[in-house]
Every structure is written in structure tokens, then in C-alpha cells.
Amino acid sequence: MATSLKNLSDYDKSKMPSAAKMKFGIVVAEWNEEITEALYQGAYDTLIENGAHPDNIIKKYVPGSFELTKGAKYMADYTDVDAVICLGCVIQGDTPHFDFVCDGVRQGITQLNLSYPIPFIFGLITTLNLQQAKDRAGGKHGNKGDEGAITAIKMVDMGWSLKK
Ligand code: DLZ
């Protein structure tokens with residue numbers, strides 16, 4: 001998590017594997033667009049910064065965070081990406097909807113990770129208000145999109161290092 005104690009946006013570039021040969025899918029929720037576009041920009045820039053080729057980054061939108069799981073599954077089933085980064089933002093309202101959406105994404109992405117050889121990255125911001133979301137989408141707590149990209153690169157590299 002991006003906190004003042006540990007903020008992956010300030011990562012050590014010298015310890016990063018090269019993403020030059022990696023292909024990425026990025027699934028972006030349209031709900032809370034201002035935040036999710038900032039997350040996408042962070043993820044995209046970080047992938048490029050680490051050697052990914054723009055042609056090897058596929059961006060697709062889903063209506064809301066609840067659809068991230070299905071969007072990510074489509075990416076895995078219909079493309080040859082090496083990792084899928086799921087980006088969404090759920091802001092708590094007055095109803096229990098927040099919990100259902102967050103729990104659906106948590107369970108969905110966990111299941112995908114256990115079912116497919118490629119990694120699916122949980123880039124979902126879950127906050128009490130808009131300001132907390134802004135703080136984590138390029139604000140004082142970094143950008144969870146950057147973190148998603150860093151995590152994706154590291155997980156692909158790990159998988160490749162073990163693959164026979
Ligand atoms: C319905 C809904 C609500 C209330 N809040 C959010 C939210 O804060 N963030 C988000 O990404 N999506 C929200 N959604 C939409 C759901 O994720 C989903 O798209 C709909 O329930 C349709 O399945």
C-alpha cells in the first residue's frame with residue numbers, strides 16, 4: 001500500500017528487471033474517471049520507464065471496478081499479455097455497495113491469480129473520500145498505478161526466472 005512509510009512510487013530503479021520483452025494488459029474502470037486515468041498514466045509511464053514498448057501495452061476500459069475481474073479475464077483469454085494490471089477506485093458511500101464491489105474485486109483477482117499462469121495486479125484504490133483517492137493517484141501518497149506497474153514487472157520476471 002502507498003503510505004508515508006512505504007511508497008512504491010519511490011522505487012529503486014536499479015533493482016528493477018527490464019520490461020523490454022514483456023507485454024501488459026491494463027484494465028481501467030470508468031467509474032471515478034479522474035482518479036483511474038491518473039492511475040493509468042502512472043502505470044503506463046512506469047512501464048515505459050522500465051523498458052516496455054508502447055505497442056506491448058494494451059489498454060481496455062470496463063464500466064466499474066466490479067467488472068475489472070471479467071475485463072482481466074478477457075485479456076488473459078484473448079491476448080498474449082504477460083500480466084494484467086487492474087485499475088479502479090471505489091469511494092465509500094452511504095450504502096454497503098462499497099463492500100460488495102471491493103470484495104468482488106478482491107475475490108475475483110485472487111481467483112484469476114490462482115487459475116492462470118500470468119499475474120493479475122490489484123490496483124484498486126478503496127477510500128473513504130475523494131481526497132484520499134487523489135492522495136493515492138499522484139498525490140502525497142504516490143500513485144498506485146506506478147505500484148501496479150512495478151509489481152507487474154517484478155512478478156513477470158519472477159515467473160520467467162522459474163519457467164522451464
Ligand atoms: C455502482 C457503483 C458504485 C456505487 N460505486 C462505485 C465506485 O465507487 N467505484 C467503481 O469503480 N464502481 C462503482 N460502482 C459500479 C460497480 O463497480 C459496477 O460497475 C456496477 O455495480 C455494475 O456491475
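Which backbone N or O atom lies 2.8 Å from a nitrogen atom of the ligand? The atom belongs to cysteine 89. The model shown is predicted: local features need pLDDT of at least 70, side-chain atom pairs count only at pLDDT 80 or more, and totals for chains, interfaces and linings use all residues. Residues are numbered from 1 along each chain as its sequence is written, and side-chain values use heavy atoms, with hydrogens and water left out.

**View 1. The shell around the ligand.** Residues surrounding the ligand include Trp31, Phe66, Val90, His97 and Val101; a residue is near a molecule if one of its heavy atoms lies within 4 Å of it. Strand S3 (83–91) and helix H3 (97–115) each supply at least two residues of this shell, and the largest share, three residues, comes from S3. Strands (E, at least two residues) and helices (H or I, at least four) are DSSP runs, numbered from the N terminus.

View 2. An oxygen atom of the ligand is 2.6 Å from an N or O atom in the side chain of serine 65. A polar backbone atom of isoleucine 91 is 3.2 Å from an oxygen atom of the ligand.

**View 3. Serine 65.** Serine 65 is found in the loop between strand S2 (57–62) and helix H2 (68–78). Its side chain reaches the backbone nitrogen of cysteine 89 at 3.4 Å.

Methods. Polar contact = N/O pair within 3.5 Å; in protein donor to acceptor, adjacent residues only side chain to side chain.
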